[in-house]
Amino acid sequence: MFKNYIKIAFRQLRKHKLFSALNIFGLATSMSVCLLLIMIIADQYGYDDFHDNGNRIYRVISASSENQLPTQASFATTSRTVASDLKADYPFVENTVRLLTIGETVHIGEKKFEENVHALLVDQSFLETFSFGWTTGDQRTALLEPRSVVLTEGAAKRFFPYSDPMGATITLSDLGEYTVTGILPDPPIHSHIQFDYLISYASTATFTKEQHEEAQTHEAYNKIWRGMAYVLLDENNDRQKLDAALAEIAATYSLRDEKVQFLFQAQPLSKIMPSEDLSNEIGPGTPTIVLYFLMTLGLIIIFSACFNYTNLSVARSLKRAKEIGVRKVIGARRKDIIFQFLGEAVLIASIALVVALFLLELLIPAFYGLDPFIGENIHLTRTPQLYLSFFGFSLLVGLFAGMLPALNISRLQPIQAIQQLSNLKLFSRMGIQKVLITFQFALSLIFILAVTIILQQQKHVLNTDYGIRIDDILNVRMGEVDYDLFAQKARQVVGVKDISASKLVLLVGENADAKATFKDGRDSMDLSYNAVSPNYLANMDIELVAGKNLPENVNSKGEQFVLLNEMAVKRMGFDTPEAAIGESITLDTINLSIIGVTSDFHQQDIWFSSVQPFALRQNMDQKRNANIHISEANSKATIAAIRSIWDEISPDESMIAFFTSTRVNHLSKFFRMGSSIIGFVGFLTILIACLGLLGMVIYNIEGRVKEVGIRKVLGASAGNIVWQLSKGFFLLLAIAIVLAIPLTVFGANLWLQNFVTRIAITPAILLVGIGIIVLLGLLTVISQTYWAARTNPIESLRNE
Amino acid sequence: MIQLRNIERYYRKGLSKSWVLRDLNLDIQEGEFVTIMGPSGAGKTTLLNMIGMLDEPSAGEYNFLGEAVHSMKSKYRQELHKNYMGFVFQAYHLIDELTVYENIETPLLYRNIKSKERKSIVADILDRFNIVAKKDLFPEQLSGGQQQLVGVARAVVSKPKLLLADEPTGNLHSKQGEKIMELFQELHREGVAIIQVTHSEKNALYGSRIIELEDGFLRADKQVRGINN
Ligand SMILES: Nc1ncnc2c1ncn2[C@@H]1O[C@H](COP(=O)(O)OP(=O)(O)OP(=O)(O)O)[C@@H](O)[C@H]1O
Ligand SMILES: [Mg+2]
């Protein structure tokens, strides 16, 4: 029987080439995208599944607050005393691991390693709790002693290409010398914990405060922002006990600290990737919401393609009614007919899968090409299980797509099917098809508009004047280097226009606050500020609207003057900027005189934060950043020259520098990616919708060939007939547009609310989208109806 | 084998009923060869479909082999239909996508007959109907007479006790029609009950009994001594 179904299905495919081609092509394109999404999701959900005791491992995540304690942890980190307390007081805790990340330059003899030297400070229990494997040395003691280091095989090869690393010494730039006590394999790609070498946690006892900021605080119960704690429970794996223990510990800590409340929660290892949105994450930390978003897109695409299959099958079902009637008369049960139709759908889906697998191989490089960021965080791997899941997916798609036609057509009464085809009401006058096609076109329009709006918004944000220079500012972190010395030398470089000093780099999310009080002592506000050199205004192109700039020299009295922006003086109650000049303001405890007022400029970032009251203070000893304005031409050479000046002054420390515009545009990347993904999906949706429409029009015309013939004989013009055949579809397009527009406008406005500067959704934007949809729809419909109207009526009538 | 008691069949047209069969009583024995005749619109097809369980009476009783069809669940009725009946249509109604061989094989597939047995049964029928040479052709490659031959072969391949034929020769030349009738007669001799609808007096004579319908009423019911009988 099964063989028979397959055979018939193949014959159907061959006999109805157009139907098959439309279906296979539509399904295959959509499927290939879904396969890619399956790969991405499999990758993102495939983390941390290699640990033998994985189901018993938890990470302690935390939150703290001075007021209302949150119910949800917000940090992936926790205070590491939680680990020691759990181990000491709760017998069901088999083991705990403390973990701290450090970034140090590694020195081995004369050689220096700065890249790919991610290190972790971990307890010996790290090696026993997790299953990273072991290569050389004694796994049970390697990380017990202070000053022990265990290398990954990769690091061992890089550090000691010609000698045995065991027992050798490595030197860290700040943290001193360590002896190699073991080697273990490189951590798998799908581990949220990544490292090149491990240092024994016991070493922290030997650190001085100068060496490591954690030296004294790592055992402080109230420092929850750095370092992780992992817990391995005993065989009973009683999560509730762990939750209770953590609540107990949090309560103790909250009592101990009078001001701050603490929250500790257990997070199962399997829930770390993909993650809840936690700060201080050490892994890739792809938020679950991103994956849900991708899944939704995938579902939309595949449903759309399934609808097409359903649509075309329904359109064809009238043609097949006779066959079904006959089959029933000669003994087919409803079940048999359902199987037959599902079988055909599954077959088409399977063929589509084969095509989709080819398309997928083209899609993967294109996907990686979208952005380098993708390659860093997503590692698509092809496993037998993956292909099995592909097959399962295509099976589901086939069943889903074939279900409606199968259920419907199998319900046919045989004598009706055989004898009274003309008044057969299979699908209530094609109602389902109309609904589906309308839905697809509405969706297509929504996608087109979404892409347009995202791109417009991005352009708008980037082209707005923010009152501060964004382009061509290279910020250099000063570290231990003396700013004045560095600036003096760097000024001589050709291509450097100016250099200013600042405490913070604006527009990249850095912030400093002071409590500002003015005239009326009771009125105060939190005022954000930056401390800058006097040439900052000119260098950053910030306009001075009243008063004078900060004085060139800070005199012996210390900090005296301050610049405020217009918004700040307005907030203080001055009617004009001029009125504020010479007035005084107190920042925290320092009393300052307002020397000038600048125009408003953006401070935090240009996307989501609006302009706030802001102060520019005199730069006393906080020249942490050099803002170098360089000319666009030859910027590479300029940067190289600056770098060599740096290396001259500070040979040990490498220069950390970045362009403000790069950071600001960081989000643009997500916009670009978002809009290319949505654009791509939109393209598919439109393609599928047009394919569906095409199929529907073709079948509709087939059923009306005789009518067209008669109309022509009666003298209807070609245009007349095109209109007759097309008008029904135009109506569907119109309904789709009417549905899509309000939805889009509503959704887009909701999204745009997130931005401080945003575009208005103008009729022009909507009209472009509508124009595209109408054009495509018209082309699809008229290409077919026109052809039908051109054929010789005698032909079609004679065939009857 | 078949007992029809006070059978009525009507279609509702708004509030009024339009009658197709009225107060019909009829008994048909196993192995009989019955011909239903009557003017167009008399209700012949309706009656045949009802006997073939493709249609249901609006009122009255229908017993088939002692079982009450009128009060039967549709699933069970379908099983009866499947196990005892074969259908031949005026317009052949072969499945276009299937070859001659496959068309004949399909009823056996729906009856879950093993592949080996199926092959031999189909081979026998092909042989008997003299269409072995045509077995791999598709319906559109056959003449009308040949198609109807396949139609009959398909109807009898599952060894039905009752063969129902609605104007089986209606679309055929008289020569081809004769061949089909001779085939029916042969089946009749082997014990298959046959009910056929025809407008042809000559074809009616192949059977053993003629029933005449007019406006849904049974007008006449007579035994005949047919050709070759
Ligand atoms: N679905 C239906 N709805 C309403 N009336 C119907 C329906 N099917 C059949 N009829 C009517 O029932 C009557 C009998 O139809 P039937 O097909 O049984 O006639 P017939 O004797 O087979 O005629 P013919 O020799 O032309 O085939 C006709 O008047 C027809 O119009
Ligand atoms: Mg009839």
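Residues are classed here as buried when their relative accessible area is under 20%, as exposed when it is over 50%, and as partly exposed in between. The structure described is a predicted model, with an ipTM of 0.91 and a pTM of 0.75. For chain B the mean pLDDT is 90, and 98% of the residues in that chain reach 70 or more.

Under this classification, B:R128 is partly exposed, its relative accessible area being 34%. The side chain of B:R128 takes part in a salt bridge with B:E190, in which the closest N and O atoms are 2.7 Å apart. Because B:R128 belongs to helix α4 of chain B (residues 115-128) while B:E190 is placed in the loop between α6 (174-189) and β8 (193-197) of that chain, the pair ties together parts that are 62 residues apart in sequence. In chain A, salt bridges that share partners join A:R320, A:E323, A:R327 and A:E344 into one network.

Over all chains, a search of the whole structure finds 31 salt bridges. In general terms, side chains of opposite charge can pair when their charged atoms come close. One such pair in chain A is formed by A:E94 and A:R56, whose side chains meet in a salt bridge with an N to O distance of 3.2 Å. Since A:E94 lies in strand β2 (residues 93-103) and A:R56 in the loop between α2 (17-45) and β1 (57-65) of chain A, this contact ties together parts that are 38 residues apart in sequence.

Of the 800 residues in chain A, 52% are buried.

The backbone of chain A also includes several features of local geometry. Most residues other than glycine have a negative phi, and most peptide bonds are trans. Against that background, the peptide bond from A:M273 to A:P274 is cis, with omega near -15°, and A:P274 is placed in the loop between β12 (261-268) and α7 (288-329) of chain A. A positive phi of about 50° is found at A:N237, which is not a glycine.

Ligand 1 is surrounded by twelve residues, the closest of which are B:S40, B:G41, B:K44, B:T45 and B:T46. Because the surrounding residues come from chains A and B, the site is shared between chains. The largest share of the shell, three residues, is contributed by helix α1 of chain B (residues 44-51), and by residue class the shell divides into three nonpolar, seven polar and two charged residues. Several polar atoms of chain B approach oxygen atoms of the ligand: a polar side-chain atom of B:S40 lies 2.5 Å from an oxygen atom of ligand 1, a polar backbone atom of B:G41 is 2.8 Å from an oxygen atom of ligand 1, and an N or O atom in the side chain of B:T46 is 2.5 Å from an oxygen atom of ligand 1. Of the 640 Å² of accessible area that ligand 1 has on its own, the protein covers 63%.

Definitions and conventions
Residues numbered from 1 in each chain as written. Chains lettered and ligands numbered in written order. Predicted model: local features only at pLDDT ≥ 70, side-chain atom pairs only at ≥ 80, totals over all residues. Heavy atoms only, no water. pLDDT = per-residue confidence, 0-100. Salt bridge = Lys/Arg side-chain N within 4 Å of Asp/Glu carboxyl O. Helix = DSSP H or I, 4+ residues; strand = E, 2+ residues; numbered from the N terminus. Buried < 20%, exposed > 50% of the residue type's maximum accessible area, 1.4 Å probe, protein only. Near = heavy atom within 4 Å. Polar contact = N/O pair within 3.5 Å; in protein donor to acceptor, adjacent residues only side chain to side chain. Areas by Shrake-Rupley, 256 points an atom, 1.4 Å probe, with all protein chains shown as cover. Nonpolar A, V, L, I, M, F, W, Y, C, P; charged D, E, K, R; others polar.
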